[in-house]
Amino acid sequence: MPRPILATVHTEALRHNLERARRAAPESRLWAVVKANAYGHGIERAFEGLRGADGFAMLDLAEAERVRALGWRGPILLLEGVFELRDLELCSRLGLWHTVHCDEQIDMLATHKTQQPHRVFLKMNSGMNRLGFPPQRLRTAWTRLGALTQVDEISLMTHFSDADGPAGVARQMDAFQQVTADLPGERSVSNSAALLRHVDDARYGVAVRGDWVRPGIALYGSAPDFPEHDIAHWDLQPTMTLSTRLIGVQQLAAGDTVGYGSRFVADGPMRIGIAACGYADGYPRHCDTGTPVLVDGVRTRLVGRVSMDMVAIDLTPVPDAGFGTEVTLWGRAGNGAVLPIDEVAHAAGTVSWELMTAVTQRVRMVADHDSSGSAAPTGAPGR
């Protein structure tokens, strides 16, 4: 028998979250962002739940090839564009749209020999200061692209740094609109936080919706502005459950310690359960005593340090739990109780993005629409 830890991808939850994102901007087209192997869910597993999108967006060509191999014939956008000249050949062959964020990418396009002009998204650095042309240079880049026979339509995009917090989008939207107001082409500016928090803004709502929105983390059942808001507030559903089972039980007396470093000391008699999950599975080592966990659908807490293969759990709220009892590290328990991944990430001092993408190869992963219940083999493209 395989070790009992399992990651389950919930197809209907992906579909629900996609439609929730679409309701926020019903007149816009929607990119489903599937970078980082669909945020750790596996592109092949996530595809069925996200195929209602208008397009798929990701970073690398291998992921674009996988989406095409699934039969997708609609738009695909490379969010970081191409990295070298020969990448443009594959863009031509697969019909990929791609971001242009620097002069070097324009230079590559200028030397690229193609009979089919490319659709590009010209990116402006409106304040994130990662990728994109600064405002004072965007129009020059637009003019250069417009003069190339290798380029067909030019769309415009930017990325928000503070859409999830009090600073909001005002500063960056002002910068973007001042430079692009009279330029033709479709616009794409909204990530998950902008889509959920700012589409109804009296001043910026229409601009934030744009022609294309590109939700990422919201599609995967995480609140982009947690802890200010949770998934229930945004009507999102968890799309990944990390579950395991108890493989041992210990009875502690007052003064007994748990785990490496004896970080937890029992203040009285108590039972703890040992579950098959550790940092080698991708569960954060820095989750400390008090991190929430569900046992048989009942909320309780971790105690002591996370080790490579095991965690210790306080069984006080679940006195009947024993060997084989279900443990939910995040997601949906068998009785329907939900432990949002955001809460676990917050306890670990990180974000849900990291937890989703950190689940390791040794964890079996399945989609719940797969009636066989078998996971993709280790190293398979779907993992």
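Close-up 1. The structure holds 0 disulfides, a disulfide being a pair of cysteine sulfur atoms within 2.5 Å. The model is predicted, with local features needing pLDDT of at least 70 and side-chain atom pairs counting only at pLDDT 80 or more, while totals for chains, interfaces and linings use all residues. Residues are numbered from 1 along each chain as its sequence is written, and side-chain values use heavy atoms, with hydrogens and water left out. The cysteine sulfur closest to that of C102 belongs to C91 and lies 14 Å away, which is too far for a bond. C277 is likewise in no disulfide, the nearest cysteine sulfur being that of C287 at 9.2 Å. C102 is buried, with a relative accessible area of 19%, and C277 is buried at 0% (buried means under 20% relative accessible area, exposed over 50%, and partly exposed in between, with a 1.4 Å probe and protein chains only).

**Close-up 2. The salt bridge between D54 and R22.** The structure holds 24 salt bridges, each defined as a side-chain nitrogen of Lys or Arg within 4 Å of a carboxyl oxygen of Asp or Glu. In one of them D54 pairs with R22, and their closest N and O atoms are 3.0 Å apart. Because D54 sits in the loop between helix 3 (43-50) and strand 3 (55-58), whereas R22 belongs to helix 1 (residues 11-24), the pair ties together parts that are 32 residues apart in sequence. Helices (H or I, at least four residues) and strands (E, at least two) are DSSP runs, numbered from the N terminus. D54 is partly exposed, with a relative accessible area of 24%, whereas R22 counts as buried at 18%.

Close-up 3. E343 forms a salt bridge with R299, with 2.8 Å between the closest N and O atoms. This pair links distant parts of the chain, E343 lying in helix 11 (residues 341-347) and R299 in strand 15 (residues 298-303), 44 residues apart. E343 is partly exposed at a relative accessible area of 25%, and R299 is partly exposed at 41%. R301 forms a salt bridge with D314, the closest N and O atoms being 2.9 Å apart, and this pair joins strand 15 to strand 16 (residues 310-314) across 13 residues. R301 counts as partly exposed at 29% relative accessibility, whereas D314 is buried at 7%. A network of salt bridges links R3, D281, D309 and R362.

**Close-up 4. Packing of helix 4 and helix 5.** Helix 4 (residues 61-69) and helix 5 (residues 87-94) pack at an angle of about 15°, with their axes 11 Å apart. That angle makes helix 4 roughly parallel to helix 5 (angles under 35 degrees count as roughly parallel, over 145 as roughly antiparallel, 65 to 115 as roughly perpendicular and the rest as oblique). Axes are lines fitted to C-alpha atoms, for helices over the stretch in contact, and angles run from 0 to 180 degrees between N-to-C directions. Across this pair, L61, E65 and R68 in helix 4 meet D87, L90, C91, R93 and L94 in helix 5, contact meaning heavy atoms within 4.5 Å.

**Close-up 5. Packing of helix 1 and helix 3.** The axes of helix 1 and helix 3 are 7 Å apart, and the two helices pack at an angle of about 50°; they are therefore oblique to each other. Helix 1 contributes T11, L14, R15 and L18 to the contact, and helix 3 contributes A46, E48, G49 and L50.
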